[in-house]
Amino acid sequence: MTEKKTIAVVGATGAQGGGLVRAILGDPNGGFAVRALTRDVGSEKARELAKLGAEVVAADVDDEASLERAFRGAHGAFCVTFFWAHFSPEKEAAEAAAMAKAARRAAVPHVIWSTLEDTRQWVPLGDDRMPTLMGNYKVPHFDSKGESNKLFTAEGVPTTFLLTSFYWDNFIHFGMGPKKGPDGKLAITLPMGDKKLPGIAAEDIGRCAYGIFRKGSEYVGKTLGIAGEHLTGAQMAAAFSKALGQPVRYNEVPPEAYRKFGFPGAEDLGNMFQFKRDFEDYFCGVRRLDVSRSLNPALQAFDAWLAKNKSRIPLD
Ligand SMILES: NC(=O)c1ccc[n+]([C@@H]2O[C@H](COP(=O)([O-])OP(=O)(O)OC[C@H]3O[C@@H](n4cnc5c(N)ncnc54)[C@H](OP(=O)(O)O)[C@@H]3O)[C@@H](O)[C@H]2O)c1
């Protein structure tokens, strides 16, 4: 029997990493084993992963030495950062740097870096179609990831740059689900005009990452975008209406209004949606559905995701 290749997974108790852990454990004959990284090996989620068959080890993305220990001997590493835990693009870049350095020191043969675009390549800081945020960014949680790509390259780490998409799970956890307006009717609010938003079930990001590892070195050194479907606000509202059995409207607002909603991160997300709206051809084009499905044949479309998850969406 050949030895299994171990994949070290950052964020293993979370959305993206969790999907990868479950994909590996769900394919016991696939030739891969999983090492789940967590800050707390005693947490309920960590113990759950151990029970399912994962090797669970302690590591923190703010502690490079802990990452190096956790990456050692692994065939692959899935690297993701946690912008919304601290809202700091500089901290996010430092975490990416720690992972890149740890991967180089541990000589990991294949890293998947969960990244996004540095939007400043499309909308330079001097372009006032959207405000500059935090002094140096247009979409802070995108720009710091995109800017960090070069850290993996500079360390000489064999890397696949994985461009992820908007999680449909945001309709459950991120307060973006349908809400009742003054007329008592449900609506989803997005500043996307009539443009398409690439979306994905968060679980499918990990499953696509597993597909990348299964393909060996094919995607090393490559940038790859994934999505489950590209849908307009109106199309998502129609899918909600069908799934929930009551009308859901698309409440289209301008990005300027969205930026002023006042919740933490509203300006960042307002700029993000504007970027996706204004550069729809590029943004959808790079997130190919056929490629995503070739990596993950179980890739869910929005209707299928909604059918499975509609009872988890809070409706006020
Ligand atoms: N929401 C979206 O639509 C979307 C779309 C694309 C990309 N993203 C990006 O996805 C990233 C977050 O990924 P996710 O959604 O998979 O995260 P998540 O579900 O929030 O998972 C967070 C997990 O990461 C671990 N973690 C947090 N801080 C850590 C640290 N300092 N060191 C080690 N582990 C740490 C935690 O595990 P322990 O507590 O067990 O340590 C936690 O379970 C963000 O940067 C975001 O910008 C989000």
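Predicted model: local features only at pLDDT ≥ 70, side-chain atom pairs only at ≥ 80, totals over all residues.
Two packed helices are described by the angle between their axes and the distance between the axes. Helix α1 covers residues 15-25 and helix α8 residues 202-214; their axes lie 7 Å apart at an angle of about 55°. Helices here are DSSP runs (H or I, at least four residues) and strands are too (E, at least two), numbered from the N terminus. Axes are lines fitted to C-alpha atoms, for helices over the stretch in contact, with angles from 0 to 180 degrees between N-to-C directions. The two helices are therefore oblique to each other; angles under 35 degrees count as roughly parallel, over 145 as roughly antiparallel, 65 to 115 as roughly perpendicular, and the rest as oblique.

Now move along to helix α5, residues 89-105, which meets two other helices. With helix α6 (residues 140-154), the axes come within 9 Å and cross at roughly 25°, which means that α5 is roughly parallel to α6. This crossing is right-handed. The contact of α5 with α6 holds 9 nonpolar, 3 polar and 2 charged residues. Here Ala, Val, Leu, Ile, Met, Phe, Trp, Tyr, Cys and Pro count as nonpolar, Asp, Glu, Lys and Arg as charged, and the others, Gly among them, as polar.

Helix α3 (residues 64-71) packs with α5 at about 40°, their axes 8 Å apart, so α3 is oblique to α5. Its contact with α5 includes Leu67 and Phe71 of α3, and Met99 and Ala102 of α5. By class, that contact has 6 nonpolar, no polar and 4 charged residues.

Finally, look for the second largest pocket, with about 320 Å³ of space. Its lining has 17 residues, and Gly175, Gly177, Lys179, Thr189 and Phe261 lie nearest its centre. Strands β8 (179-180), β9 (186-190) and β13 (248-252) each supply at least two lining residues, and β9 gives the most, with 4. The lining divides into 9 nonpolar, 5 polar and 3 charged residues. A pocket is an open set of points on a 1 Å grid over the protein atoms alone, where a 1.4 Å probe fits, with protein on both sides within 12 Å along at least five of seven lines; lining residues have an atom within 4 Å of a point.

Notes. Residues numbered from 1 in each chain as written. Heavy atoms only, no water. Left-handed = near helix turned anticlockwise from the far one by under 90°. Points joined across faces, edges and corners; volume = space filled by probe spheres on them. Contact = heavy atoms within 4.5 Å.
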